[in-house]
Amino acid sequence: MMRIDILTLFPEMCENYLSESIIGRARAGGFVQINCHNIRDFTTDKHRRVDDKAYGGGFGMVMQAQPIYDCVMSVLGLQNGAKPRLIYMSPQGKLLTQNLVKELAAEPRLILLCGHYEGVDRRVLDELAFEEISVGDYVVTGGELPALILADAVARLQDGVLPSPEAYTDESHFSGLLEEPKYTRPEVWRDRKVPDVLISGHHGNIEKWREEQRLGVTREKRPDMVGG
């Protein structure tokens with residue numbers, strides 16, 4: 001069973017998401033283990049401070065190395081077996097793609113570090129050899145949302161989380177193309193009708209339509225994925 005540990009200043013925020021829907025059921029069913037750890041629990045400051053002003057000046061505060069280091073060491077002490085892959089959620093990191101998700105999903109252990117304020121002291125990242133991963137070329141308030149995105153994407157690829165592998169292999173990006181349009185009841189809505197082929201019952205024609213739509217949608221919306 002895969003284990004993911006999220007190191008954060010806001011564990012309740014992460015738990016609220018991870019306890020719901022598919023991921024919540026997967027955790028309850030024992031298909032994936034996801035734990036949230038409060039970095040503040042590892043500060044030596046009596047006021048539970050985990051940040052300080054940046055050397056050299058500048059706006060904002062920087063998360064200190066010591067609480068992060070001790071939190072990681074504590075998590076490592078709870079784990080047996082393979083060494084976990086340490087990931088810092090950072091807008092400077094490698095872009096999270098479906099191929100990278102598949103790679104991470106094959107790892108037995110992940111530790112995800114959520115930064116805040118102006119980031120974290122570089123020394124702890126170097127000391128522990130964190131790799132950096134970004135969910136996009138933009139900046140959000142903290143690393144919690146990116147960490148949840150990564151954890152969700154990786155967890156749903158674990159055996160037993162979804163009903164069958166087809167539940168994710170047919171989705172956008174997994175095969176290198178975007179998904180075809182989807183329809184459900186009623187057959188006609190505001191004079192818009194479901195394509196006839198989808199209600200024809202001819203599985204060969206339906207699959208051909210799906211393949212054509214996937215290629216067409218990808219060419220229209222993401223031409224970079226099919227070479228223009």
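User: What order do the five strands of the open sheet take?
Analyst: The order is S2-S1-S6-S5-S7, and the pairing is parallel. Keep in mind that this is a predicted model.

User: Which are the edge strands?
Analyst: Strand S2 (32-38) and S7. Each of them pairs on one side only.

User: How are neighbouring strands turned against each other on average?
Analyst: By 35°, with direction ignored.

User: Let's stay with S5 and S7. Over how many bridges do they pair?
Analyst: Five, in the parallel sense.

User: What does helix H4 lie across?
Analyst: Helix H4 covers residues 98-105. It lies across strand S1 (2-8), S5, strand S6 (109-114) and S7. Against S5, helix H4 runs at about 170°.

User: Switching to pockets. What volume does the largest pocket have?
Analyst: About 450 Å³. Its lining is made up of 27 residues.

User: Which of those lie nearest its centre?
Analyst: Tyr88, Met89, Ser90, Pro91 and Gly119.

User: And which elements give two or more residues to that lining?
Analyst: Strand S5 (85-95), helix H5 (122-128) and strand S7 (131-134). The largest share comes from S5, with five residues.

User: How do the lining residues of the largest pocket divide?
Analyst: There are 13 nonpolar, 10 polar and four charged.

User: What about the second largest pocket, what's its volume?
Analyst: About 230 Å³. This second largest pocket is lined by 14 residues. Nearest its centre are Tyr183, Thr184, Val194, Leu198 and Ile199.

User: How many of its lining residues are nonpolar, polar or charged?
Analyst: Eight are nonpolar, one is polar and five are charged.

User: New topic: Thr141. Where is its place?
Analyst: In the loop between S7 and helix H6 (144-155).

User: Is Thr141 buried or exposed, and why do you say that?
Analyst: Exposed, because its relative accessible area is 68% and the cut-off for exposed is over 50%.

User: What is Thr141 in contact with, leaving aside its neighbours within four places in sequence?
Analyst: His116 and Tyr117.

User: How far apart are Thr141 and Gly176?
Analyst: In sequence, 35 residues. In space, they are 31 Å apart, C-alpha to C-alpha.

User: Quick recap on S5, please. What does S5 pair with over five bridges, and what does it give to the largest pocket?
Analyst: S5 pairs with S7. To the lining of the largest pocket, S5 gives five residues.

Key:
Residues numbered from 1 in each chain as written. Predicted model: local features only at pLDDT ≥ 70, side-chain atom pairs only at ≥ 80, totals over all residues. Heavy atoms only, no water. 1 Å grid on protein atoms, 1.4 Å probe; cavity = no way out; pocket = protein on both sides within 12 Å on 5 of 7 lines; lining within 4 Å. Points joined across faces, edges and corners; volume = space filled by probe spheres on them. Helix = DSSP H or I, 4+ residues; strand = E, 2+ residues; numbered from the N terminus. Nonpolar A, V, L, I, M, F, W, Y, C, P; charged D, E, K, R; others polar. Pairing = 2+ DSSP bridges. Axes fitted to C-alpha atoms, helices over the stretch in contact; angles between N-to-C directions. Contact = heavy atoms within 4.5 Å. Buried < 20%, exposed > 50% of the residue type's maximum accessible area, 1.4 Å probe, protein only.
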